[in-house]
Amino acid sequence: STQAKTLFPYTTLFRSVTKRVWEEWVGHPVPPGSLKSLTVADVEPLYRQKYWDKVRGAGIDPTGRTFVDMDPLKATRLPLIARLFPQARILIMRRDPRDVVWSCFRTNFAMTSGTLEYTSLERAARHYDAMMQLTEVAMARLELQFHEVHYHRLVQDFDGTTRQICDFLCLDWNEGLRHFDEHGIPALGHLGRSRHPGLLCL
C-alpha cells in the first residue's frame, strides 16, 4: 500500500544493495550492471525463498504447519514482513514497560546491535519506547493482521487467552498448552497442524 511504502523505502533499499551483499544473501552471482535494472518484483520472491531456506536449514520443515518466528526485535522489520509475507499474523505481547525494561537490563544476552541497547537502564528504556512507537505506527498503517495479548490477562485467564491466541493463529487449542513450562519454547519453531497450511506467525 502507499502508506506502507512511506514507512519503509523498499525500492531504495534494494537499489542500494552491493554486489557482495546480494551474492552472500541470495546466493547467485550478479552480472555487471544488472543490479541497476532490478525491481521490487524481481527481488521479493528471492528474499522470501531465502527466508524459508534458512528455516529448513535449521532442521524445521514448515510444510503444512503454522510456523512461529518468535523474535521481538523483528518489530523493526514489520514493513519488510508486510511486503514479503502479507498473510503473516503478528502477535503483540503487552506488558508493564517497567517489567520489560528491567528484565532486558538484568538479562545477560549475547551481544548484538539490538541487545547492546540493554547495557544500561536508560538505553533500555529509550529502546523500548522507540520499538513500541514503531509498532504502533506499523499497526496503524500496515495491512497485516495483529492480535494483542496482555500479559496480566494471560496470567489471570490462561485458558481463555490462549484459546484466543490459537483461534487467531488458526490452531486448535489443547490442554497440553497448560504444561508449557515442561518443554520450553524455542526461538524458532512450529506449533501443530494448521487449519491454514503455510501460515507464518511472528
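The following paragraphs go through the structure from the whole chain to single residues.

This is a predicted model, in which local features need pLDDT of at least 70 and side-chain atom pairs count only at pLDDT 80 or more, while totals for chains, interfaces and linings use all residues. Residues are numbered from 1 along each chain as its sequence is written, and side-chain values use heavy atoms, with hydrogens and water left out.

The protein chain contains nine helices and five strands; these are DSSP runs numbered from the N terminus, with helices (H or I) of at least four residues and strands (E) of at least two. Their order along the sequence is α-α-α-α-β-α-β-α-α-β-α-α-β-β. Of the 202 residues, 34% are buried, where buried means under 20% relative accessible area, exposed over 50%, and partly exposed in between (1.4 Å probe, protein chains only). The accessible surface is about 12,900 Å², and carbon and sulfur atoms hold 56% of that surface; areas come from the Shrake-Rupley method with a 1.4 Å probe, and for residues only the protein chains shown count as cover. Among contacts (heavy atoms within 4.5 Å) with a separation of 6 or more, 68% join residues 24 or more positions apart.

Seven aromatic pairs are found in the whole structure. One of them, Tyr-51 with Trp-52, is edge-to-face, at 5.2 Å centre to centre and 80 degrees between the planes. Rings of Phe, Tyr and Trp (its six-membered ring) pair if their centres lie within 6.5 Å; planes under 30 degrees apart count as stacked, over 60 as edge-to-face and the rest as tilted. Tyr-51 has a relative accessible area of 17%, so it is buried, and Trp-52 is buried at 15%.

Arg-89 lies over Phe-168, 5.8 Å from the ring centre, and Arg-95 over Tyr-151, 4.3 Å from the ring centre. The criterion is NZ of Lys or CZ of Arg within 6 Å of the ring centre and within 35 degrees of the ring normal.

Tyr-151 also takes part in a nonpolar surface patch with Met-93 and Val-155, with about 290 Å² of accessible area together. Val-155 is in helix H8 (residues 151-156) and counts as exposed because its relative accessibility is 56%.

Leu-121 is in helix H7 (residues 121-141). Its relative accessible area is 40%, so Leu-121 is partly exposed. Leaving out residues up to four places away in sequence, Leu-121 touches Val-101, Trp-102 and Phe-105. Phe-105 is 16 residues from Leu-121 along the chain, and their C-alpha atoms are 6.1 Å apart.

Technical notes:
Patch = residues over 30% accessible without salt bridge, like charges linked within 9 Å, V, L, I, M, F, W, Y side chains within 5 Å. Salt bridge = Lys/Arg side-chain N within 4 Å of Asp/Glu carboxyl O.
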